[in-house]
Amino acid sequence: MRVLVTGAAGQLGLSLRRATEGSEDCYIFTDVEELDITSQSAVEEFVASERIDIIVNCAAYTDVERAEVEEDVAHRINATAVAHLAEAARKNDALLVHISTDYVFMGGCCGMLSEQSHPQPLNAYGRTKLAGERAIEASGCHYIILRTAWLYSEYGHNFVRTMLRLTAEREQVRVVSDQLGSPTYAGDLAEAIVAIIAERNFHEGIYHFTNLGECSWWQFATEIARLAGHTQCSVVPCTTAEYGARAARPHYAVLDKRKFMTTFRRDIPEWRESLKRCLDELQS
Ligand SMILES: NC(=O)c1ccc[n+]([C@@H]2O[C@H](COP(=O)([O-])OP(=O)(O)OC[C@H]3O[C@@H](n4cnc5c(N)ncnc54)[C@H](OP(=O)(O)O)[C@@H]3O)[C@@H](O)[C@H]2O)c1
């Protein structure tokens with residue numbers, strides 16, 4: 001199989017690069033310079049000329065705060081460009097594996113969100129990602145949409161790397177304790193994608209994929225500091241209102257992973273286990 005990975009310089013793209021080492025499939029990794037997904041002609045030409053069987057779209061506009069002030073830019077990358085990928089996939093009878101987010105949901109007070117739950121984004125980023133999902137569904141292409149959340153890795157900007165730095169430098173860090181969700185180690189998501197492709201396990205549809213278990217950002221930060229041995233820093237809980245972010249976020253957005261695990265017959269590690277794995281990688 002010839003597999004195109006877009007947005008390959010991002011954290012999921014880099015995790016995929018690693019997860020594909022030794023793969024028998026032919027992966028072609030492209031960053032924004034090599035393939036800008038907002039260019040419909042570039043996308044269509046690439047997919048056709050390279051005889052692509054599967055597109056794994058890791059490219060996205062992921063700055064949730066900035067999206068509030070430039071939703072049009074986020075929409076161009078997260079929705080319009082995704083429609084280009086879906087159209088190219090349809091024309092070439094390729095499969096589109098696309099990554100979406102828990103922020104398509106408003107999130108309730110309790111109860112896990114299933115693939116059947118009604119999406120209702122609270123912020124601009126979530127609206128653009130939902131528009132991307134809808135464009136794929138409307139396109140008629142073959143697709144697998146994986147909704148994930150709180151993605152982190154050894155690479156790029158993410159909560160784990162930020163907390164490692166802050167808890168090493170400071171005596172006190174304030175972290176939001178009234179938003180609950182599930183962290184996702186990008187290495188786990190990348191390995192799952194590579195396995196689906198290697199096993200030709202192409203069950204189309206929307207799936208939820210995060211690590212198992214749930215926590216608040218404060219619990220997540222506390223565990224990062226504990227595992228890193230940064231005991232001199234106190235991680236202090238605060239409310240969303242006290243923190244004062246621009247974009248609204250769900251208070252409780254834990255995704256139900258049962259459909260993914262049953263369909264693809266894959267276990268998913270618990271979040272603390274994967275966090276430890278990532279920290280071990282960072283410290284090795
Ligand atoms: N990060 C999270 O917490 C999180 C949570 C839920 C879902 N997700 C989803 O998971 C996926 C992977 O996220 P990530 O954290 O790996 O993102 P990331 O690290 O921000 O990487 C995204 C990559 O896409 C590239 N890109 C942006 N515009 C592009 C374009 N027009 N053409 C080609 N590439 C372009 C970016 O390049 P530049 O850096 O040069 O702009 C970047 O390398 C995304 O779909 C995201 O929405 C992420």
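Me: Why are H2 and H4 called roughly parallel to each other?
Reply: Helix H2 (residues 40-49) packs against H4 at an angle of about 30°, and their axes are 9 Å apart. Angles under 35 degrees count as roughly parallel, over 145 as roughly antiparallel, 65 to 115 as roughly perpendicular, and the rest as oblique. At about 30°, H2 and H4 are therefore roughly parallel. The axes are lines fitted to C-alpha atoms, for helices over the stretch in contact, with angles from 0 to 180 degrees between N-to-C directions. Helices (H or I, at least four residues) and strands (E, at least two) are DSSP runs numbered from the N terminus. This is a predicted model: local features need pLDDT of at least 70, side-chain atom pairs count only at pLDDT 80 or more, and totals for chains, interfaces and linings use all residues. Residues are numbered from 1 along each chain as its sequence is written.

Me: What makes the contact of H2 and H4?
Reply: H2 supplies Gln40, Val43, Glu44 and Val47, and H4 supplies His84, Leu85 and Ala88. Contact here requires C-beta atoms, placed from the backbone, within 7 Å. The residues divide into four nonpolar, two polar and one charged. In this scheme Ala, Val, Leu, Ile, Met, Phe, Trp, Tyr, Cys and Pro are nonpolar, Asp, Glu, Lys and Arg are charged, and the others, Gly among them, are polar.

Me: How do you know how H4 runs relative to H5?
Reply: The axes of H4 and helix H5 (residues 124-139) come within 8 Å and cross at roughly 15°. That makes H4 roughly parallel to H5. The crossing of H4 and H5 is right-handed. Among the residues that meet are Ala74, His75, Asn78 and Val82 in H4, and Tyr125, Thr128, Lys129 and Ile136 in H5. By class, the contact of H4 with H5 has ten nonpolar, five polar and four charged residues.

Me: What makes Trp150 count as buried or exposed?
Reply: A residue is buried if 20 or more other C-beta atoms, placed from the backbone, lie within 10 Å of its own, exposed if 12 or fewer, and partly exposed in between. Trp150 has 22 C-beta neighbours inside 10 Å and so counts as buried. Trp150 sits in the loop between strand E5 (142-148) and strand E6 (151-152). The phi of Trp150 is near 45°, a positive value in a residue other than glycine.

Me: How do you know whether Arg265 counts as buried or exposed?
Reply: Arg265 has 10 C-beta neighbours inside 10 Å, so Arg265 counts as exposed. Arg265 lies in the loop between helix H10 (258-264) and H11. Arg265 also has a positive phi, about 50°, although it is not a glycine.

Conventions:
Left-handed = near helix turned anticlockwise from the far one by under 90°. Contact = placed C-beta atoms within 7 Å.
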